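Q: Could you show me how to read packing, burial and strand pairing in a model like this?

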Amino acid sequence: MTSLSEQKNQLRRTATARRDAVARDNDIGDALCARYSDLADRIGDMGWVSAVSGFWPIGGEANVMPLLKALGARGLEMALPVVPGRGQPLEFRQWQPDDPMDSGPFGIAEPKSTAPVIEPDMLLVPLLAFDRAGGRLGYGGGYYDRTLAGLRAGKRILAVGIAYAAQECPTVPCGDHDAPLDWVLTETAAIAMVRKPKLRQEPA
């Protein structure tokens, strides 16, 4: 039987190739702003969201920056993630366009260590693949899983995956420690995740 780790690694290879093929010919930054408006209309009360984290797109990741800047223009506090150390939850530091940046452990731009740490209410989350049950395939470090679990233990959190429509899969292999998404925004739709209840294990 193929292990969960092997299933994820196999999907990462195919999902990365599929995403990068689509990304070469598409910039969905502006479309994400329209899809976020769809999400906000469907949720209704968004007054509890005062701070949002985005991410600095690398490789074939969808360009979330136009959406992050649009949310900042609406008065939300903006942040970007910082990796404090391997195996630790992410930190989020305040960010504004044109702020000076540092290079993080994986070569990803991060706010400087002098930027204030904030706790976002909404996270815009990168991914390689997603399904409609909230399953998300990341890069394997588990940073967002640990981060979302910690934040959700303390307050209401909205986790919004950012993806191309082509990154959707019928099923993403997930374990108990994989933190689910609440929504996914693509260039074509705002998709509410429908959580599937875990099957109860009957005694042998």
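Q: At what angle do helix H2 and helix H3 pack?
A: Happy to start there, and do keep in mind that this is a predicted model. Helix H2 (residues 29–43) meets helix H3 (residues 65–73) at about 50°, and their axes are 7 Å apart. Angles of 65 to 115 degrees count as roughly perpendicular and those under 35 degrees as roughly parallel, so H2 is oblique to H3.

Q: Which residues make the contact?
A: From H2 come Gly-29, Asp-30, Leu-32, Cys-33 and Tyr-36, while H3 supplies Pro-66, Leu-67, Ala-70 and Leu-71. By type, these residues are seven nonpolar, one polar and one charged.

Q: Is Arg-93 buried or exposed?
A: Buried means under 20% relative accessible area, so Arg-93, at 14%, counts as buried. Arg-93 lies in strand S3 (residues 91–94).

Q: What does the side chain of Arg-93 reach?
A: The backbone oxygen of Ser-113, at 3.1 Å. The Arg-93 side chain also has a polar contact with the side chain of Glu-91, at 3.4 Å. Beyond four places in sequence, the residues touching Arg-93 include Met-78, Leu-80, Pro-111 and Val-117.

Q: Which residues cover the faces of strand S6?
A: On one side of S6 (residues 122–125) sit Met-122 and Leu-124, on the other Leu-123 and Val-125, and all are buried.

Q: How many bridges join S6 to strand S9?
A: Four, and S6 and S9 (residues 158–162) run parallel; Leu-123 has Ala-159 as its bridge partner in S9. Strand S1 (residues 51–53) also pairs with S6 in the parallel sense, over two bridges, with Val-52 opposite Met-122.

Terms used: Residues numbered from 1 in each chain as written. Predicted model: local features only at pLDDT ≥ 70, side-chain atom pairs only at ≥ 80, totals over all residues. Heavy atoms only, no water. Axes fitted to C-alpha atoms, helices over the stretch in contact; angles between N-to-C directions. Parallel < 35°, antiparallel > 145°, perpendicular 65-115°, else oblique. Contact = heavy atoms within 4.5 Å. Nonpolar A, V, L, I, M, F, W, Y, C, P; charged D, E, K, R; others polar. Buried < 20%, exposed > 50% of the residue type's maximum accessible area, 1.4 Å probe, protein only. Polar contact = N/O pair within 3.5 Å; in protein donor to acceptor, adjacent residues only side chain to side chain. Pairing = 2+ DSSP bridges.
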